[in-house]
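Please keep the structure in view while reading.

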Amino acid sequence: MRFSEFASRFLLVRKCASCGELLPYESKDEAFCGECRIKWDVEKTRECGVCGRSVCECVCMTKALSDAGAICHRKAVFYSSSRPAVHNTLMFIKHNKNPRVTAFLASQLAAILRSDKDIPELCADNYVITFVPRGRRAVIEKGFDQSELLVRALSEKLGIPWAITLRRKRGGREQKKLNASQRVRNVKGLFEPVAALEETVGGKRIILVDDIVTTGASMAACISYLTRAGARETVCLSVASTENTKSNKKLSCN
Ligand SMILES: [Zn+2]
Ligand SMILES: [Zn+2]
């Protein structure tokens with residue numbers, strides 16, 4: 001076995017998702033070292049600037065998502081590039097195919113869904129879990145789509161089937177490089193439904209997953225395809241969303 005293979009199998013998989021420190025062998029199921037796990041838990045208690053609830057209880061969503069008819073948008077943490085526990089973790093899952101970190105994040109998201117009394121009962125017959133797909137180039141480069149990995153892990157935790165429902169078309173600019181109005185224009189025609197989408201989502205409730213939600217334009221575009229294919233309603237779910245503030249007029253709060 002070459003050293004690089006040894007490292008990726010036995011060393012890299014044990015890295016803390018935030019600080020990169022090697023984790024002890026006994027902490028089999030943890031994504032973080034002790035210190036970073038505390039920081040992650042602090043992030044979960046941050047208050048929403050609009051509804052005043054902690055982020056994991058916040059049901060605020062962007063105007064794009066409420067206009068698209070989403071039931072709610074639940075998230076585990078607010079994104080900030082200055083807070084390493086969140087920023088580094090999102091970078092980590094983007095660049096590393098790491099089942100431990102993915103399983104940890106999926107269990108955090110599953111707990112949020114299970115604690116939400118407003119979400120219709122989570123059962124395998126009524127729901128399909130799916131995701132906002134990454135650009136083709138990123139998937140080819142990395143060899144995986146971090147949102148798909150999250151969805152597979154979430155499906156296992158919740159016992160609800162998952163499916164690929166949409167694909168990114170060729171071309172199209174990366175959303176993160178654009179401002180809000182450019183994002184709305186760019187996102188039109190960015191996705192295409194997979195064949196026989198109606199059979200997968202018709203009459204079902206959808207749990208639509210993304211790693212981070214900013215304006216919600218990509219998610220909203222996905223919802224419109226799912227709705228057209230006969231999906232009943234959509235619960236939006238992301239690891240992070242950009243922080244809610246009262247000055248952000250694009251938010252609506254239930
Ligand atoms: Zn750490
Ligand atoms: Zn809120």
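## Strand pairing in the sheet

Two strands are taken to pair if DSSP finds at least two bridges between them. In this predicted model, strand S6 (residues 205–213) and strand S7 (residues 233–242) are joined by 8 bridges and run parallel. Within that pairing, Arg 205 stands opposite Glu 233 in S7. S6 also pairs with S3, again in parallel, through 5 bridges, and here Arg 205 of S6 is the bridge partner of Tyr 127.

These pairings belong to an open sheet of 4 strands, which has the order S2-S7-S6-S3 and parallel pairing. Its edge strands are S2 (72–79) and S3, each of which pairs on one side only. Direction ignored, neighbouring strands of this sheet are turned against each other by 15° on average.

Helix H7 (residues 146–158) lies across S3 and S6, and runs at about 135° to S6.

## Helix packing

The axes of helix H8 (residues 180–187) and H10 come within 9 Å of each other and cross at roughly 30°. Angles under 35 degrees count as roughly parallel, and H8 and H10 are therefore roughly parallel to each other. Their crossing is right-handed, and the contact is made by Arg 183, Val 184 and Val 187 of H8 together with Ala 217, Ser 218 and Ala 221 of H10.

## The nonpolar core

The largest nonpolar core has 70 residues, and those with the most contacts inside it are Ile 129, Leu 154, Leu 208, Val 209 and Met 219. Helix H10 (residues 217–228) supplies the largest share of this core, 7 residues.

Leaving aside residues up to four places away in sequence, Met 219 touches Leu 65, Val 132, Leu 208, Asp 210, Val 213 and Cys 236.

## A loop residue, Ala 124

Ala 124 lies in the loop between helix H5 (99–114) and strand S3 (127–131). Is Ala 124 buried or exposed? Ala 124 counts as exposed because it has 11 C-beta neighbours inside 10 Å, and the cut-off for exposed is 12 or fewer.

Not counting residues up to four places away in sequence, Ala 124 touches Gly 159, Ile 160 and Pro 161. The C-alpha atoms of Ala 124 and Lys 204 are separated by 9.9 Å, although these residues are 80 residues apart along the chain.

## The chain as a whole

The secondary structure of the protein chain comes to 10 helices and 8 strands, and 41% of its 254 residues count as buried. Among contacts with a separation of 6 or more, residues 24 or more positions apart account for 73%.

Notes
Residues numbered from 1 in each chain as written. Chains lettered and ligands numbered in written order. Predicted model: local features only at pLDDT ≥ 70, side-chain atom pairs only at ≥ 80, totals over all residues. Core = buried A, V, L, I, M, F, W, Y, C linked by C-beta atoms within 7 Å. Buried ≥ 20, exposed ≤ 12 C-beta atoms within 10 Å, placed from the backbone. Helix = DSSP H or I, 4+ residues; strand = E, 2+ residues; numbered from the N terminus. Contact = placed C-beta atoms within 7 Å. Axes fitted to C-alpha atoms, helices over the stretch in contact; angles between N-to-C directions. Parallel < 35°, antiparallel > 145°, perpendicular 65-115°, else oblique. Left-handed = near helix turned anticlockwise from the far one by under 90°.
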